[in-house]
Amino acid sequence: MFDIAEQALSIRIARSVEAIQRSFLDNLFYVMGRTLEDASPVDHYTALAYTIRDRLLARFVSSTERYQQSNARTVAYLSAEFLLGPHLGNNILNLDVWGNTRAHTREALQNLGLDLDTILESELEPGLGNGGLGRLAACYMDSLATLEIPAIGYGIRYEYGIFDQEIRDGWQFEIADAWLRNGNPWELPNRQIRYPVKMDGKIEHYVDGSNQAQSRWIPATIIYGLAYDTPILGYGVTNANLLRLWKSEAREPFDLLAFSHGDYQGAVSDKVVAENISKVLYPNDEPELGKELRLRQQYFFVTCSLQDMIQMTLRDEGKITDFADKFVAQLNDTHPAIAIPELMRLLVDEHGMDWESAWNITRQTFAYTNHTLLPEALETWSLPLFQRILPRHLEIIYAINARFMEEMRWHFPDDNERLARISLIDETGEKRVRMANLACVGSFAINGVAALHSDLLKQTVLKDFYKVWPEKFSNKTNGVTPRRFIGLANLPLAALIDSGIGTGWLRDMEQLCQLEPCANDASFRLRWRQVKRTAKARLSDYIRRTTGVAVDPDSLFDIQAKRIHEYKRQHLNVLHIISLYQQLKLHPNMELPPRTFIFSGKAAPSYRMAKLIIKLINSVAEVINRDPQINGRIKVVFVPNMNVKLGQRLYPAADLSEQISTAGMEASGTGNMKFAMNGALTIGTLDGANVEIREEVGEENFFLFGLGVEAVQALYANGYRSREVVEHTPALREALYLLASGLFSHGDKELFAPFLDNLWNHDPYLICADFASYAACQEEVGRQFKDPEHWTRMSILNVARIGKFSSDRAIREYCEDIWKTSPISITQKNHRT
């Protein structure tokens, strides 16, 4: 019987052309209920997804069993976002241990008259993240599996992810991201794993049998979290880790008694209220109800995750006291910081542990990654709101704070200002709970995400905690996975690199350094340019199909693709374009390499200035692209709906990567890494990871401009007056006058008035201060682009020296310095037939 089961499994996960073709047709018929003749593109995608999923599930089951047997310490990565990107292509790539799955899949489909690339395009992307934070979490899950580290990613299965963006009359419009409308073949609903989530209500105080004061939480609301599991494959190994996302549901989804009495809405009201918790990623938190929903979301996924971790500890170790030996939990920013009082509540209230023992376990469990230097971005919660939703947790936070402040008074006996800053409760106005302070106090390790960022943390927003616990602090510069962002996104470049240095670099990006001699090989440089030209032609075709704008793939592709925010300074780029347009109008014969300025990114729905910047980009594009005098010498295009899928088109096609944030405001950035590893040169400030990228690739291969952090701080301290700067910068002044004239707004001089007023009278992100330096640097970019051999050499050297910025390197550092975890190898039978 066992032999029959083994034989059936072998057939199901075999990867020959014939086996894949047979599995595809079986899934199309038996799962989708379709024949090849009547199947839709969605049916083709789903059948192929199940075909690939069959082959990865064997690894997933083997990994789960092996991890459980080993009792290895497991990394629990707690993140409100996981911006995974499309699964199908990535799983085909990562399955390819023997180097033939992708080719065999393509051939199997061709035999059926189907095209793999067309099927890949039909996949809906799960938009379960807003940008860099969620994409970093996805890269780290990929690297954890690749490095064979036992890990579980915990988050929320949002029914609607980050909105789809449409551009209408130049303005951003948000459309619900119904990414589940065709189902999700990659997830495994696990109804056996379901945990209660208590909220609201009151606290009862009593004295127990040992004459100890105790608290009992009487919740007014109880919903449940249901686990949805997604296997995350490693590359070049047989390990597959677990991403477990929680969906909220009512304890009883239907009230039959209410329905019987004619209360049809009341019969399902509990279901609607409960399911709202995991309904949408990041609801608008300007209204109080939006803030409330975000707090409920954060607590919901944290308590489900911790209950799950406790259950696994009891299953594998037998004792709750072994929790910190079984798990180390990484807090990806402050969103999961409520985990600290929640673990205390579970240990003390649910498992009867004394306070000191519970606190020791808690502080040995959590490590905290900070992702921001902006004080206003450090999450806080209104005390009345927090008390209403999580009354027991507020009690626990008060108890943690009382003990912490008592300890700090010993360190700083006469420094009341410092004590007020480090308290977990902000009492300077409306009382608020400070989540970053809570994360610092309750974690054994604190890290920044770039060398500059980590240094600035110690000097600014977390300086008081660094003074107390310098040993907690370290830097872990971000990284991105080369599997998705080269191996999948840029197959021609991957093949060219393979031809030059072999295939090992996808698992060890430091091997890219072997490309350096190729920069001096004229034939290799020619092939490099051909690869770039192919990527630019592919993007040009996409831009024409989606926006109607025809762009020249032989022009310099200057790309700024990232979340729209004033500190990221898309408007600095636009003002330079306006200035360049003026120069071309005044001097039609000026020498200028043809250039295409490409923007992409989403603005938060409630962020008015960011949405105005999108309108400005599109308005400037409309005028310049239609001007016959310009005749295509410069073009401007905004490509809507930035996501991972679009990024996989943009990163390979860029000649120039815009990383132009105000120095000291970007924690790290990861787009800068994705562009650079695809051969784009960077124009940027000394901000975030730009500093380290410049150090690695060489200052001669990086276009640097703008004020550094110290100069920025000095300018703020000395009283920055942007109007004076504008008056002494003629090109900027004329660009602002032209914008104010109504040329780019069909004569409406009020449309961009808020934008202009901000620059003339405030300019908090130093657009005006950096404009002249940026314009001069862009002029140097144009000069160097005119020498294609020189430009190609710089491009190759950028890739050859970018190895540090692999997420594999970052995860190794976390494992060695913070998590103290070791790899567990998985063995699986080699089913080749």
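Arg-529 is partly exposed, with a relative accessible area of 25%, a class that lies between buried (under 20%) and exposed (over 50%), judged with a 1.4 Å probe on protein chains only. This is a predicted model, in which local features need pLDDT of at least 70 and side-chain atom pairs count only at pLDDT 80 or more, while totals for chains, interfaces and linings use all residues. Residues are numbered from 1 along each chain as its sequence is written, and side-chain values use heavy atoms, with hydrogens and water left out.

Arg-529 forms a salt bridge with Glu-789, the term meaning a side-chain nitrogen of Lys or Arg within 4 Å of a carboxyl oxygen of Asp or Glu. Arg-529 lies in helix 22 and Glu-789 in helix 33, so the pair ties together parts that are 260 residues apart in sequence; helices (H or I, at least four residues) and strands (E, at least two) are DSSP runs, numbered from the N terminus. By this rule the salt bridges number 55, and three of them are tabulated here.

| Salt bridge | N to O distance |
|---|---|
| Glu-249 and Arg-194 | 2.6 Å |
| Arg-483 and Asp-808 | 2.7 Å |
| Arg-529 and Glu-789 | 3.1 Å |

Arg-483 is buried at 0% relative accessibility, and Asp-808 is buried as well, at 2%.

Strand 8 (residues 221–233) has 11 of its 13 residues buried. Strand 8 runs antiparallel to strand 5, joined by 9 bridges, and antiparallel to strand 9, joined by 11 bridges, where pairing requires that DSSP finds at least two bridges between two strands.
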